[in-house]
Protein chains: 2
Amino acid sequence: MKYINTVSGCKNCPYRALIFGSLDNKELDFLEKTRKEIFYKKGDVLTKEGTSINEFLYLKTGLLKVYKTRAGNKTHIIRIAGPSDFVSLLSMFSNDKYKYSIAAIEDTTVCVVDSESIKFLAKSNGEFALELMKRMSYTYDEIIDSTYRIRQKHLRGRIAYILLYFAQKVYRQNRFELPISRREIGELINMTTENVIRILSEFRKDQIIFIDGKIIEIKDIERLERIKKIG
Amino acid sequence: MKYINTVSGCKNCPYRALIFGSLDNKELDFLEKTRKEIFYKKGDVLTKEGTSINEFLYLKTGLLKVYKTRAGNKTHIIRIAGPSDFVSLLSMFSNDKYKYSIAAIEDTTVCVVDSESIKFLAKSNGEFALELMKRMSYTYDEIIDSTYRIRQKHLRGRIAYILLYFAQKVYRQNRFELPISRREIGELINMTTENVIRILSEFRKDQIIFIDGKIIEIKDIERLERIKKIG
DNA sequence: ATTTAGATATGATAATTATCATATTCAAAA
DNA sequence: TTTTGAATATGATAATTATCATATCTAAAT
């Protein structure tokens, strides 16, 4: 991680409206007092499950994974978070310890403000509190939805789901570089590493995708959509 | 459903401290203006996914299931909610439509207040807003946690999990009546009805449980705990 | 009282997925 | 450069789970 010289503050931040829309300039000044902008390299761990929550994280650029580690070192990736996701909203208001770990899966820039400042503003500004709740609830609902959606699919359907997720939601391109390993894909959509590799190979043989290491190109998106739906 | 004559108000409610601890008497009076107490019989549907959220529900006695219906009439039960659970917190602040359906799986009494009143108080009373967030976040975290915990277990482990859940968390007795059918158990822990029945029969043959229709008695709790852990 | 639909029950079989074994490639560290 | 460990890859097999078939039981509706 590396501190970045802050170029511009919250007031002109393109993401301001997403969550800080109800804060006035005075309140933003208050937030900025504890604000830091931090750069994390791919692979860096931002927070670890069980450690104290002191900061409110706010993703500007890059990609993070939110995950949980269970007995036997088994890891579940709960979600992938991108710009405009409010990744530390989870568990921040219910717990003083992180319930999830967060790591960068791409080079990432985050804004960090003191979590007590956020709580103070939530207390004093009801509009802001409602905005936080809205965001939080939306984020959680998405997690639950995708979990149940994935669990009813077969292996091929899950791989189709995750490839389309990266292509459509994250990179908005049919050709992209996977930010995570085959093992991590398995941790995200609940299957073994071998089967992730196997199904990807199947898709390659069926000319649905092109693979070169972590580079994936979707060649037959209709077919992939169909596989996602049925299986 | 049936309206109940309100005997005592929020001020003396045993659950007041759980979520309304930060509201003063004046604010409680405000809430009580729209407050109704409603009785639902087992099987009654309280809310349906997709309909407008107008009320804030607050479970006093009984048991509810929170569920989602997918394409092909496939149902997922997201959670079982009991007294002191704040069942309509989910999606209330992110959406004006329910994201989940709710039905009574036992005779149930709920308090209902206008959702706009709750939002008004959240806006004007920051402490209350934080309490709501805390509850909401806690509830969501529990759902996510149990989902991931269940999905890594085998069938026997899942049945052990759900039996111990009812015995320990819901009824606090080794002998209890299942509030849901075998099919619904499957919808909750992700397995087919046949396999739910089969594993229950296995447990009966192994003298781990006694079964008489919906009545279950856990005879060998240590063994069940072990099955829950390993499988 | 009879019908009927749904719930419970069990066996046989098919489908799905994990595990184990082994090989190769790749990238980081010595 | 060599070594080493992790990631990718593929096949064979075992384990797990779903599906299909069929039967009985139960409770609600006629």
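This dialogue covers a helix pair, the cavities and the pockets of a predicted model.

Q: What should I know about the model and its numbering?
A: The model is predicted: local features need pLDDT of at least 70, side-chain atom pairs count only at pLDDT 80 or more, and totals for chains, interfaces and linings use all residues. Residues are numbered from 1 along each chain as its sequence is written, chains are lettered from A and ligands numbered from 1 in the order in which they are written, and side-chain values use heavy atoms, without hydrogens and water.

Q: At what angle do α4 of chain A and α4 of chain B pack?
A: Helices are DSSP runs (H or I, at least four residues), strands are E runs of at least two, and both are numbered from the N terminus. Axes are lines fitted to C-alpha atoms, for helices over the stretch in contact; angles run from 0 to 180 degrees between N-to-C directions. Here, α4(A) and α4(B), residues 126-151 in each chain, pack at about 10°. Their axes lie 11 Å apart. The two helices are therefore roughly parallel (angles under 35 degrees).

Q: Which residues meet between α4(A) and α4(B)?
A: Contact means heavy atoms within 4.5 Å. Among them are A:Leu132, A:Met136 and A:Tyr140 from α4(A), and B:Leu132, B:Met136 and B:Tyr140 from α4(B). The contact residues divide into 16 nonpolar, four polar and two charged. Ala, Val, Leu, Ile, Met, Phe, Trp, Tyr, Cys and Pro count as nonpolar, Asp, Glu, Lys and Arg as charged, and the others, Gly among them, as polar.

Q: How many cavities are there of 30 Å³ or more?
A: On a 1 Å grid over the protein atoms alone, a cavity is a set of points where a 1.4 Å probe fits but cannot get out; lining residues have an atom within 4 Å of a point. Grid points are joined across faces, edges and corners, and a volume is the space filled by probe spheres set on the points. The search finds three. β4(B) gives the most, with three residues.

Q: What lines the largest pocket?
A: A pocket is an open set with protein on both sides within 12 Å along at least five of seven lines. The largest pocket holds about 1,100 Å³. It has 37 lining residues; A:Arg79, A:Ile80, A:Asp85, A:Glu142 and A:Tyr165 lie nearest its centre. α4(A) gives the most, with twelve residues. By class, the lining has 17 nonpolar, seven polar and 13 charged residues.

Technical notes
Parallel < 35°, antiparallel > 145°, perpendicular 65-115°, else oblique.
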